[in-house]
Amino acid sequence: MDELRQDILHCIGNTSLLPLRNIVLKNGSRILLKLENENPTGSMKDRMALAMIEAAEADGRLGRNGSVVEYTGGSTGVSLSLVCAVKGYPLHIVSSDAFSREKLEHMQILGGKLQIVPSESGRMTEKLTRSMIEAARIIAEKTGSFWTDQLNNTDQLAAYHKMAEEIWIQTHGQIDGFVQSVGTAASLRGIAEAFRRHNEAIRIVAVEPYESPVLSGGQTGAHKIDGVGAGFVVPLWQKDLADQIELVSTEEALGMAMRLAREEGLFSGTSTGANVIAALRLAEQLGPDATIVTVMCDTGMKYFKTFGASVMGENERRS
């Protein structure tokens, strides 16, 4: 029997790695999915939230009686709400109605204080991201709170170095490619750095929304893939991070998320759907017997209303 955990924060990480059984190519390649939905809030962001807070505690940026502020599309806010609830820090979150209602409510249940920045028709845009950042900056300045500032905070990279080491051990080093969608770029960067220390030949693929291909040199646009595609080149992004960039549309990502639920029993968000589409493309490029690892970024439980609307529309088309 496992020993007792000290608190819920000690349940973060060491998640399972699962091969897809039905959504596969016929060339013998394998797609392995890192199940980050197993983290306490159902998201990989638990890792980075804990890393940012603990680093700030260690060097004095966050004192015992301090408070925390952050802008977020949802999952980071939920994860910070968890960490701050356990550690006893007041948390002020800037978010938007562009993101799932479930995430916003989850933050509030965990004690986060919300400020909502209105979106344009519920879509993620560069203007919205920059408005949220500015609102968080103002709050931090006025309150003297520690601003985690996820788009610029390199403390989170250590969390993803650890995640990469978990994958390396789980695959026994037998990995040919890694695929991850880009939000802050921290997870892709941290994991890529760690993998390349082991094997520089591992192919690293970044994923961004087809509607807003800024990393690929295209124009900023609006999309509905939660947690990715800020609409501009984020500070933690480095050109040599990825060997290639794959573009996936909101419609494609949502469709694959539905397939994962119905064919694999894996209920995930749209960023995971985008990851799997790009992983299948890479598996086709690398050919027979390739092993591709990608990430189930979070649980679909955060997106019931999003998926509900999709299912209702599907039922209406069928009838």
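Two residues are in contact when they have heavy atoms within 4.5 Å of each other. In the protein chain, 72% of the contacts with a separation of 6 or more are between residues 24 or more positions apart. The model is predicted: local features need pLDDT of at least 70, side-chain atom pairs count only at pLDDT 80 or more, and totals for chains, interfaces and linings use all residues. Residues are numbered from 1 along each chain as its sequence is written, and side-chain values use heavy atoms, with hydrogens and water left out.

## The chain as a whole

The protein chain has nine helices and 10 strands. Helices (H or I, at least four residues) and strands (E, at least two) are DSSP runs, numbered from the N terminus. The chain is as compact as a globular protein of 319 residues, because its radius of gyration is 19 Å, close to the 20 Å of the globule rule. That radius is taken over C-alpha atoms, and the rule is 2.2 Å times the number of residues to the power 0.38. Taken along the principal axes, the C-alpha atoms fill a box of roughly 55 × 50 × 45 Å.

The accessible surface of the protein chain is about 14,000 Å², and carbon and sulfur atoms hold 50% of that surface. Accessible areas come from the Shrake-Rupley method with a 1.4 Å probe; for residues, only the protein chains shown count as cover. Of the 319 residues, 57% count as buried. Buried means under 20% relative accessible area, exposed means over 50%, and partly exposed is in between (1.4 Å probe, protein chains only).

## Cysteines

How many disulfides does a search of the whole structure find? The search finds zero disulfides. A disulfide is a covalent bond between the sulfur atoms of two cysteines. Here it is counted as a pair of cysteine sulfur atoms within 2.5 Å. The sulfur of Cys84 is too far for a bond, because the closest cysteine sulfur, in Cys11, is 18 Å away. Cys84 is buried at 2% relative accessibility, and Cys297 is buried at 7%.

## Aromatic rings

A pair of aromatic rings is described by the distance of the centres and the angle of the planes. Rings of Phe, Tyr and Trp (its six-membered ring) pair if their centres lie within 6.5 Å; planes under 30 degrees apart are stacked, over 60 edge-to-face, and the rest tilted. The whole structure holds two aromatic pairs.

| Pair | Centre to centre | Angle of planes | Type |
|---|---|---|---|
| Tyr71 and Trp147 | 6.0 Å | 75° | edge-to-face |
| Phe178 and Phe195 | 5.6 Å | 75° | edge-to-face |

Tyr71 lies in strand β3 (residues 68–71) and Trp147 in strand β6 (residues 146–147), so this pair links distant parts of the chain, 76 residues apart. Tyr71 is buried at 4% relative accessibility, whereas Trp147 is partly exposed at 22%.

Phe178 belongs to strand β7 (residues 177–181) and Phe195 to helix α6 (residues 186–198), so their pair ties together parts that are 17 residues apart in sequence. Phe178 is buried, with a relative accessible area of 0%, and Phe195 is buried at 0%.

Another ring has a charge over it: the charged end of Arg130 sits 4.0 Å from the centre of the ring of Phe232. The criterion is NZ of Lys or CZ of Arg within 6 Å of the ring centre and within 35 degrees of the ring normal.

## Single residues and their contacts

The contacts below leave aside neighbours up to four places away in sequence.

Ala257 is in helix α7 (residues 250–264) and is buried at 0%. Its contacts include Leu266, Ser268, Gly273 and Phe307. Ala257 and Gly273 are 16 residues apart in sequence, and their C-alpha atoms are 4.4 Å apart.

Thr129 is in helix α4 (residues 126–143) and is buried at 7%. Thr129 touches Met124, Leu151, Ala230 and Phe232.

Gln150 is in the loop between β6 and α5 (157–170) and is buried at 6%. Among the residues Gln150 touches are Lys45, Glu70, Tyr71, Thr184 and Leu236. Gln150 and Leu236 are 86 residues apart in sequence and 9.4 Å apart from C-alpha to C-alpha.

Asp149 is also in the loop between β6 and α5. Asp149 is not a glycine, yet it has a positive phi of about 50°; it is buried at 15%. Ala185, in the loop between β7 and α6, has a positive phi near 80° and is buried at 3%.
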